[in-house]
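Colleague: I would like to learn how to read a model of this kind. Please take me through it feature by feature.

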Amino acid sequence: MDAFAYMVLVDANSDDKKMRRLLYRDRVDLPVYAKAMFGLALNKVGDEARRDMILRNIEQHLVQDEENQTAYLKLPADTCWWCWYGSESEAQAYYLKLLVAVKPKSEIAPRLVKYLLNNRKNATYWNSTRDTAVVIEAFADYIKAAGEDRPDMTVRVLLDGKQVKSVKIDKSNLFTFDNKLVLTGDEVTTGKHRIELVR
């Protein structure tokens, strides 16, 4: 709760240096979720040495799955899962927020996003409206940091080596570009076909 309170105070431009010092002293006893919140606050006040130590403390729990190209934090077994600060989804999301704030081009961030997407508990949301909101907010931070909110590309669709569609996608049409290709009747011949998307 103290890490959360400190993060809120820092967001309101009120840095309590004694609280910062005590939280840092007791960092080993903080849940991973609280460490990530504290790391965000340290980043905002520019305390890079302590922030980097908190990041290293968190990343002791980092697991990377090369086969699935995912990354996640394996939370300690004694995590209070029944409390809000024991939420696995929220802990992962706050770590993602910290990661993209400190290392916006990190190779771990897209893997963490993939892990979170793959581990929704209910297809379209995580466990609750609260943790779903926190995860979506972390995704928004990631999209901004990775530049995915400012695409500048042309996507071509090839059918059996022949271009059948080309679409320019940029920030002005990110949500409105023509994202469909419909083939009907004689356009679809028998036999095997190869469809390629070229960016």
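Modeller: What follows goes from the whole chain to single residues. This is a predicted model, in which local features need pLDDT of at least 70 and side-chain atom pairs count only at pLDDT 80 or more, while totals for chains, interfaces and linings use all residues. Residues are numbered from 1 along each chain as its sequence is written, and side-chain values use heavy atoms, with hydrogens and water left out.

Colleague: How many helices and strands does the protein chain have?

Modeller: Helices (H or I, at least four residues) and strands (E, at least two) are DSSP runs, numbered from the N terminus. The protein chain has seven helices and five strands. Their order along the sequence is α-α-α-α-β-β-α-α-α-β-β-β. The radius of gyration is 21 Å, well over the 16 Å that the globule rule gives for 199 residues, so the protein chain is more spread out than a compact globule. That radius is taken over C-alpha atoms, and the rule is 2.2 Å times the number of residues to the power 0.38. The C-alpha trace spans about 75 × 35 × 30 Å along its principal axes.

Colleague: What percentage of the 199 residues is buried?

Modeller: Buried means under 20% relative accessible area, exposed over 50%, and partly exposed in between (1.4 Å probe, protein chains only). By that cut-off, 38% of the 199 residues are buried.

Colleague: Which residues of helix α6 are buried?

Modeller: The general idea comes from helix geometry. An α-helix has 3.6 residues a turn, so residues three or four places apart point the same way. In α6 (residues 108–118), the buried residues are Ile108, Ala109, Arg111, Leu112, Val113, Tyr115 and Leu116. They pack against β1 (62–65), β2 (70–73), α5 (88–102) and α7 (129–146); contact here means heavy atoms within 4.5 Å.

Colleague: Do β1 and β2 run parallel or antiparallel?

Modeller: Two strands pair if DSSP finds at least two bridges between them. β1 and β2 run antiparallel and are joined by four bridges. Gln64 stands opposite Ala71 in β2. The two strands form a hairpin with four residues between them, and Gln69 in the turn has a positive phi of about 55°.

Colleague: Is Arg51 buried or exposed?

Modeller: Arg51, in helix α4 (residues 48–59), counts as buried, at 10% relative accessibility. Leaving out residues up to four places away in sequence, Arg51 touches Gly39, Leu42, Asn43, Leu98 and Val102.

Colleague: Which residues is Pro76 in contact with, leaving aside neighbours within four places in sequence?

Modeller: Those residues are Val32 and His61. Pro76 lies in the loop between β2 and α5 and is partly exposed, with a relative accessible area of 32%. Pro76 and Tyr33 are 43 residues apart in sequence, and their C-alpha atoms are 11 Å apart in space.
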